[in-house]
Amino acid sequence: MSSAQLAIGGLALALTGGDSVGRAMALPGMTAFALCGENNPDIVIALDSCLQMSQLCELHRFKILDGNVECYFGVDADGIYHYRFSSSEEVRFDPRQPLGAAVTTMDSDGKLRFALWLAYCMIGAGRGRMPVHSSVVVCDGRAVESGTGKSTHTRLWLENIPGTYLLNDDSPILAAAKDGPAVVYGSPWSGKTHCYRQEHYPVAALLRLEQRPENNIRRLATIEAFAALQPSCPPAMAHDERCLDMTVRFVSAVIKHTPAYLLGCLPDADAACLSHRTIYGS
C-alpha cells in the first residue's frame with residue numbers, strides 16, 4: 001500500500017492505493033501541493049479500489065479528454081454517486097461517508113487526472129470548497145476570478161496591470177468564508193496553462209465578461225451574481241437534487257460577501273484597466 005499527502009483548497013488530502021499513487025504524484029502540478037511528513041488528513045481518496053459496477057440511474061452524460069472519452073454521472077439504489085468512464089473505471093462517492101472517495105485503476109494518466117478532480121469536486125462541495133471553471137489573477141494581495149472569456153481578460157491584466165500574476169487558469173478552488181469575502185486557492189488542475197501555485201488569497205471580485213462594442217462595467221445584483229457564478233461550478237452536479245442543493249448553498253455563501261461585476265468589453269488594454277480601477281479603486 002502506497003500513500004501520499006497533499007494540501008489542496010485548504011484541506012489535507014491523502015491518496016492511498018497501489019501504483020496509481022505514484023502515477024498521480026507524477027502528474028503535472030501535483031508535487032507543488034505535496035505535504036511533507038505524516039498528517040491527519042481531512043479527506044482521503046482511495047486509488048486502485050476494486051469496485052463492483054452497480055446499476056445506475058443515469059443523471060448526465062458528457063465527454064472528456066478532447067471528446068475522446070464518454071463519462072456517465074449517475075446514482076445507484078443506495079444513493080451513492082458514480083462517475084463512470086468504462087465498464088471497469090469509475091469514481092465513487094458515498095454521501096454517508098463524505099470525507100472520502102474511491103477511484104478504480106485508470107488506464108491513462110488523463111483519466112486519472114480527471115478522476116482526481118471529480119473526487120475533489122464531490123468531497124469539497126460538502127466542505128464549502130469547489131473547483132470553478134475560471135482564471136484567477138493576483139494583484140495587491142487579493143485575487144480576481146474571471147469566468148467567460150477568462151484567459152483573454154486574464155492575459156490583458158498580466159500585460160497591463162503592474163505586479164499582477166496568474167494563480168490558476170482553469171480550475172482554482174473557491175472557498176466560502178463565514179464573515180468575509182471568499183478565498184481562492186491555486187490547484188493542481190490548470191488546463192493547458194501549467195500554473196500550479198500553493199497559494200491562496202481573498203477574492204476582491206468575481207468578474208464575468210460580455211463582448212460589446214465599447215467597454216463598460218457594473219456591479220451585479222445578488223440574483224445576477226448567483227446566475228453568473230453557478231455555471232462555473234462542476235456542471236454534472238446540476239443534474240441531481242442533492243448535489244444542486246450543495247451548489248446553491250455554496251454559491252449563495254460566496255456571493256454574500258464577495259462583489260461580482262459584469263464587464264462589457266473589447267479585448268483591449270482599456271478593458272483590463274477599467275475593471276482594475278473599478279475593483280481596486282485606483
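My cut-off for a disulfide is two cysteine sulfur atoms within 2.5 Å. Cys-265 is buried at a relative accessible area of 7%. I call a residue buried under 20% relative accessible area, exposed over 50%, and partly exposed in between, using a 1.4 Å probe and protein chains only.

Ground rules next. The model is predicted, so I take local features at pLDDT of at least 70 and side-chain atom pairs at pLDDT 80 or more, while totals for chains, interfaces and linings use all residues. Residues are numbered from 1 along each chain as its sequence is written, and side-chain values use heavy atoms, without hydrogens and water.

Cys-71 is in none; the nearest cysteine sulfur belongs to Cys-121, 11 Å away. Cys-71 is buried, with 0% relative accessibility.

**Cores.** I define a nonpolar core as buried Ala, Val, Leu, Ile, Met, Phe, Trp, Tyr and Cys residues joined through side-chain atoms within 4.5 Å. The largest has 73 residues; Leu-15, Ile-45, Leu-47, Tyr-83, Leu-116 and Leu-174 touch the most other members. Helix H2 (residues 109-125) gives the most to this core, eleven residues. Helices (H or I, at least four residues) and strands (E, at least two) are DSSP runs, numbered from the N terminus. I then found a second, separate core of 20 residues, with Val-137, Leu-166, Ala-205 and Cys-265 among them.

I looked up the contacts of Tyr-83 (heavy atoms within 4.5 Å). Beyond four places in sequence, Tyr-83 touches residues including Phe-62, Cys-71, Phe-73, Leu-118, Met-122 and Met-237.

**Arg-92.** Is Arg-92 buried or exposed? Arg-92 counts as buried, at 16% relative accessibility. It lies in strand E7 (residues 90-93). A polar atom of the Arg-92 side chain lies 2.7 Å from the backbone oxygen of Gln-52. Leaving aside neighbours within four places, the contacts of Arg-92 include Leu-51, Gln-52, Met-53, Ile-80, His-82 and Ala-101.

**Positive phi.** I noted two aspartates. Asp-66 has phi near 60 degrees, a positive value in a residue other than glycine. Asp-66 lies in the loop between strand E4 (57-64) and strand E5 (69-75), and is exposed at 72% relative accessible area. Asp-140 has a positive phi of about 50 degrees and is not a glycine. I placed Asp-140 in the loop between strand E10 (135-139) and strand E11 (142-146). Asp-140 is exposed, with a relative accessible area of 63%.

Key: A polar contact is a pair of N or O atoms within 3.5 Å; within protein, one must be able to donate a hydrogen and the other to accept it, and residues adjacent in sequence count only if both atoms are side-chain atoms.
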